[in-house]
Amino acid sequence: MADFEAYQEYQRIDDYEEDSPPGEEDLLIHVPEGLRDSWHHIKNLDNFFTRIYHFHQKNGFACMMLSEFFELVQFLFVVTFTTFLFNCVEYDVLFANRAVNHTGQSLNPLDRSKVTLPDAILPSQQCMERIQGNSWIIFLLIMAAIFWIYRLGKVICNVLSYWEIRQFYTKALKIRMDELCNFSWQEVQGRLISLQREQQICIHKKELTELDIYHRILRFKNYTVAMINKSLLPVRLRLPFLGDVVFLTQGLKYNFELILFWGPGSLFQNKWNLHPKYKRAGNRLELSRQLSRVILLVGVANLLLCPFVLVWQVLYAFFSYAEVIKREPGSLGARRWSLYGRLYLRHFNELDHELQGRMGRGYKPAARYMNAFVSPLLAVLARNVAFFSGSVLAVLIALTVYDEDVLTVQHILTAITVLGVVITITRSFIPDEHMVWCPEQLLQCVLAHIHYMPDHWKGSAHKSETRDEMAQLFQYKAVFILEELLSPIVTPFILIFLLRNKSLEIIDFFRNFTVEVVGVGDICSFAQMDVRRHGNPQWMSEGQTEASVYQQAENGKTELSLMHFTLKNPRWQPPQDSSVFISHVREKVQQDTPSTQLLPSAQLLLSEAPLCTSLFSNESATTAPDSLLASVLAHPVLTGVAGRGRRGISSSQQPHAGHAHSHHLLHSHHHDGVTHRGDHAVANSMSASDSRLLGQSSSALLSEFASAEMSLHAIYMHEVHQQKFQSQRGPGLLQPPVPMRDLAASAAPGPPTQTIHTASLAVPSPLRLGGWTEEEEEEEEEINNSSVLDQSQTSRGSS
């Protein structure tokens with residue numbers, strides 16, 4: 001009977017075209033006089049919160065609109081300049097293969113042997129005749145013009161949309177544009193939550209929580225992270241001679257989102273609700289066939305557009321990287337976190353700037369680990385190739401210094417450039433003579449920041465297989481460029497031959513792992529970070545989780561995400577089950593850490609943080625700040641227990657307080673009915689020479705402490721997991737992995753969705769005009785896709 005009553009409480013609400021609950025369309029709510037005409041009853045809160053977030057991350061209206069303007073100009077430049085190079089340049093004259101001078105007769109016959117740029121450029125009339133005589137050029141220019149006009153319309157909509165967000169910042173949040181850069185996102189988010197109490201931006205909730213806002217911004221992103229975690233998306237390929245490779249590019253990711261989230265025929269009927277037919281298990285086979293046909297059509301469309309996209313990719317890569325490669329050939333040997341790595345290592349409910357900061361801290365340790373692997377054979381070859389190339393290059397440089405006419409010799413400049421590139425590349429294979437071989441320690445430092453690592457890496461950090469798998473997460477920039485160039489060719493085949501075979505598993509995934517949050521819509525159930533529903537017993541949730549193997553998140557994603565979100569948002573009050581888990585972990589860390597040597601030192605964990613690096617590098621504060629940070633990490637302030645009056649570093653100001661009026665670094669606040677007091681030992685340990693710490697942005701400093709604490713917890717949880725993992729490796733004790741298809745087929749259908757009293761959402765990202773960029777997070781335009789028709793403007797009044 002109790003279960004039936006609970007079910008009645010969570011019964012499903014009807015779907016509405018607006019983001020508002022039923023029965024509240026005519027609800028009268030008091031709105032302050034100054035805000036009456038602006039931001040009451042937002043029609044699409046997903047879009048609104050996402051624009052607020054990107055407005056902050058992109059540094060305000062002026063920067064965003066300037067970027068949009070130059071993106072349009074960049075597209076025009078690439079199209080017009082390429083057309084000019086193909087049709088308006090006489091290359092026989094430019095290369096001096098034909099003595100033709102279009103500038104007229106010269107008075108001095110000796111000048112006839114010197115070719116100038118105007119000589120190689122055709123007259124405008126002849127150039128236009130060439131263009132008009134080529135039907136392919138005309139067709140491509142028409143397509144480019146249509147696309148540019150479409151983008152121009154979106155830019156105009158964005159101007160109107162983000163001007164409204166600017167007004168919201170200045171009038172509602174009381175943040176001036178010249179001060180926006182001084183506010184952290186947590187402070188903006190705090191003011192947004194406080195504003196909800198004054199006027200109901202979200203009409204169906206009296207108060208917003210941090211999790212509500214994160215869910216709305218990251219709705220589709222959380223689904224993608226969950227599918228990568230469950231190995232559902234076909235991004236791993238087995239190729240001849242190359243073995244297992246990971247292939248995930250911007251174009252392939254764009255197609256995944258187009259098919260699943262926001263494109264025609266996608267699974268979502270609007271931006272916040274999964275279509276009801278996908279929530280019923282009875283027609284799963286028919287729905288999988290429909291999804292398979294949609295994937296086939298998208299794959300064929302990609303195949304037809306492949307030549308045009310490929311040409312654009314090549315041109316964009318050439319204009320973007322040719323000068324960089326010429327100036328710094330070694331830049332191709334630099335590494336970056338791959339797109340797959342960013343999704344594999346991303347926590348649930350982790351915003352872009354949080355992920356970027358965490359990956360930035362892990363960059364140097366990861367680079368040191370990858371550079372620690374050297375091949376003795378390649379090192380010998382590299383030294384000799386560098387010697388011979390350097391010798392020839394030295395002679396050529398000496399000759400050019402003696403007589404500059406040497407540069408006029410055919411291909412001499414090309415030879416100098418190629419030799420310089422060869423020397424730069426070969427030097428990357430020569431190991432540092434001062435390097436110490438300690439792969440396990442280096443990989444432990446990497447784990448402190450990235451938080452995720454496959455089980456078989458433990459104890460195998462010295463193996464080339466581990467390095468190759470790490471390279472899938474931390475790839476060369478040259479590999480990134482090559483993958484993006486191959487993406488138009490490979491993407492259609494992945495969609496047609498691999499993703500179609502996953503259609504039934506995708507249908508089962510969205511049905512089994514979609515929950516409905518009252519007044520918010522459908523979200524991925526993994527994003528709730530519910531240890532009871534999705535915990536893994538091997539990740540310190542034993543006895544607290546009821547999840548089957550199919551329901552468990554892999555690699556401790558649920559547990560680590562919950563801990564990360566709690567530390568990043570200390571004012572958030574987690575549910576009871578989550579609070580018990582967090583208290584349990586902190587208690588175990590407090591009990592076990594002093595007796596173990598598993599955790600890195602304070603300075604080691606914080607050495608990559610920009611703020612703390614500046615503190616450590618200051619000679620006048622080499623002792624006190626280091627001891628301060630060490631005492632903070634060693635003190636129970638970071639490993640206290642919630643249930644026994646645990647102490648934590650709280651935000652230095654209330655959400656509604658002004659940024660300029662922050663006076664204290666540590667203070668008390670109330671959380672889960674327990675009073676959290678600032679650690680006075682930490683404050684007292686700050687000497688006069690450390691007073692500069694208080695002058696820093698308190699939110700930035702607290703963020704560094706939270707990152708350090710998360711590093712400690714992540715390493716500890718991995719050590720505990722490894723102990724449990726090793727203890728189960730006996731015969732018959734270790735459960736083999738079960739394919740997703742078999743688990744989904746055998747899983748009990750259960751109710752199609754569950755209604756949870758929380759709030760959350762998020763939005764997709766469309767194709768960028770500027771092609772593919774090195775930065776993975778380009779979601780500022782995902783807002784534009786969902787709001788071109790309504791100009792992304794919020795509405796008020798009745799639904």
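In this predicted model, residues 731-770 keep a pLDDT under 50 and have 134 contacts beyond four places in sequence; pLDDT is the predictor's confidence in each residue, from 0 to 100, and a contact means heavy atoms within 4.5 Å. Residues 595-599 also stay under 50, with seven contacts beyond four places in sequence. Where pLDDT is low, the predicted coordinates should not be read in detail. The protein averages a pLDDT of 76, and 70% of the residues score at least 70.

Because the model is predicted, local features need pLDDT of at least 70 and side-chain atom pairs count only at pLDDT 80 or more, whereas totals for chains, interfaces and linings use all residues. Residues are numbered from 1 along each chain as its sequence is written, and side-chain values use heavy atoms, with hydrogens and water left out.

The protein holds 33 helices and nine strands, taken as DSSP runs numbered from the N terminus (helices H or I, at least four residues; strands E, at least two). Of its 799 residues, 50% count as buried, where buried means under 20% relative accessible area, exposed over 50%, and partly exposed in between (1.4 Å probe, protein chains only).

Strands β1 (residues 236-239) and β2 (residues 243-246) pair in the antiparallel sense over four bridges; pairing requires at least two DSSP bridges. They form a hairpin with three residues between them, and F241 in the turn has a positive phi of about 70°. R238 stands opposite D244 in β2.

The structure contains 25 salt bridges, each defined by a side-chain nitrogen of Lys or Arg within 4 Å of a carboxyl oxygen of Asp or Glu. Three of them are tabulated.

| Pair | Closest N to O distance |
|---|---|
| R176 and E179 | 3.0 Å |
| E704 and R361 | 3.0 Å |

E704 in helix α31 and R361 in helix α14 are 343 residues apart. E704 is buried at 7% relative accessibility, and R361 is buried at 12%. By contrast, R532 is partly exposed at 32%, as is D577 at 36%. R532 and D577 belong to a salt-bridge network with D530 and E546.

A nonpolar surface patch, including W136, F139, L305 and V309, has about 920 Å² of accessible area together. Helix α7 (135-172) gives the most to the patch, with seven residues. V309 lies in helix α12 and is partly exposed at 37%. Patch residues have over 30% relative accessible area and no salt bridge, with nonpolar side chains (Val, Leu, Ile, Met, Phe, Trp, Tyr) joined within 5 Å.

Methods. Patches are made of residues with over 30% relative accessible area and no salt bridge: like charges are joined within 9 Å, nonpolar side chains (Val, Leu, Ile, Met, Phe, Trp, Tyr) within 5 Å. Accessible areas come from the Shrake-Rupley method with a 1.4 Å probe; for residues, only the protein chains shown count as cover.
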